[in-house]
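Please look over the sequence and the structure shown here before reading the report.

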Amino acid sequence: MATLFLTMGQGAFMTCSALYFTTVVGISVPQLGLGLTIAGAVGLFAGVPLGHLADRHGGRETAALLIALNGLAAAGYLAVGSFAQFTVSACLFVVLERGGRAALQTAVAGALRGADLVETRAYLRAITNVGVAVGAGFAGIALQLDSPAAFRTVLVLDALSFLVAAAVLTALPKVAPVADAEGGAGQPRLAVLRDRPFALVTALSAVLSLHAVLLEIVVPLWIAGHTDAPRWMVTALFLLNTANVVAFQVRIAKRVSELPLAVRAVRQAGFVLCAACVLFAASSADGMAMAVASLLLAGAVHVYGEMVLSAGAWVIGFDLAPADKQGQYQGFFFSGYAASAMIAPTFLTATVLQGGALGWLLLGGLFILAGLAMQPVVGWAERTRAPRLAHSG
């Protein structure tokens, strides 16, 4: 329920925010992009320390507090009147969002284990897609009305969605914080920052996460500039993606319940995402029918790779994190995704949109290399944890 409220509000906000800030507040498009880039960079450093707070003070309580504060930060957008105010508000919003996400993962990891944890994450991802779709549909009303009052109503409802979600989270089971196993003198509080194998796992995950912005940015521009497909194919691919995640993500995740299976899933996802890149490249062939068929097949292959990758990444991220440091580790792991989302628009437009079919093949090759590299890196991470586990035993 909390996830549904959060994603409904954010789905509505994301749909209207660009128009609100540029037409109502009066910020230019370049200023909007710069402010969001600055906020994204600042937010990269928020997940680890705020996740550490969740480790020490309880995931449920910390998540509820940070998400409630995130709602107040969302309401703060109503008072923005300049680029400087927008940038400060966006930084505060993103910092609290990243911290709240890390704390929420701590709460989930504290309440669930093994297959239950993976299955719950899959349900949450399916609900996320539903929530974003419903919120975006509601925002369509505001876009149709196209008035400052309509846009501000969306912002108010977005802020309220955070507050309601925070209240709902208090119904989660209370799990006492795990005692810090490395709290002795001279031991680092933010141990994840010195965990080189986990940093490399996060980096590989970031490379694989480049797929996440394909449907949002790259594919629409590719369809418009490089294919004979009609523009409505953009919407069709979004609907195809959302429907499949809602229908099949839980089923796929149930098959990936242990670390060896997760590594195998990530390796498979690398090849599947590469196949999707090849099919997207093929859509540039002459003829509308060929373009539509290639795009639909590419979309189906892409969403399958996305679901398999998500299931594998969840298990790897949780299983390699020490039980007493889930918050900081999940915060760090998600920072890889956030960094990928920051870099992806520039990188992918330069490689795919300017490089054409060769750019798609380059991206597909990166997916394969990252998927293959995950197994030895996870093995390295497991070996570094073995002495710790033996000592605790």
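## Basis

This is a predicted model, in which local features need pLDDT of at least 70 and side-chain atom pairs count only at pLDDT 80 or more, while totals for chains, interfaces and linings use all residues. Residues are numbered from 1 along each chain as its sequence is written, and side-chain values use heavy atoms, with hydrogens and water left out.

## Nonpolar cores

A nonpolar core is a set of buried Ala, Val, Leu, Ile, Met, Phe, Trp, Tyr and Cys residues joined through side-chain atoms within 4.5 Å. Buried means under 20% relative accessible area, exposed over 50%, and partly exposed in between (1.4 Å probe, protein chains only).

The largest core has 68 residues, and Phe 280, Ile 316, Trp 360 and Leu 363 touch the most other members. Its largest share, 14 residues, comes from H12. Another core, of 41 residues, lies apart from it and includes Cys 16 and Ala 39.

## Ring pairs

There are 15 aromatic pairs in the structure. Rings of Phe, Tyr and Trp (its six-membered ring) pair if their centres lie within 6.5 Å; planes under 30 degrees apart count as stacked, over 60 as edge-to-face and the rest as tilted. Phe 280 and Trp 360 are stacked because their ring centres are 5.1 Å apart and their planes are at 20°. Phe 280 is in helix H11 (residues 259-282) and Trp 360 in helix H14 (residues 357-392), 80 residues apart. Helices (H or I, at least four residues) and strands (E, at least two) are DSSP runs, numbered from the N terminus. Both Phe 280 and Trp 360 are buried.

## A loop residue

Ala 285 sits in the loop between H11 and helix H12 (288-319). With 30% relative accessibility, Ala 285 counts as partly exposed.
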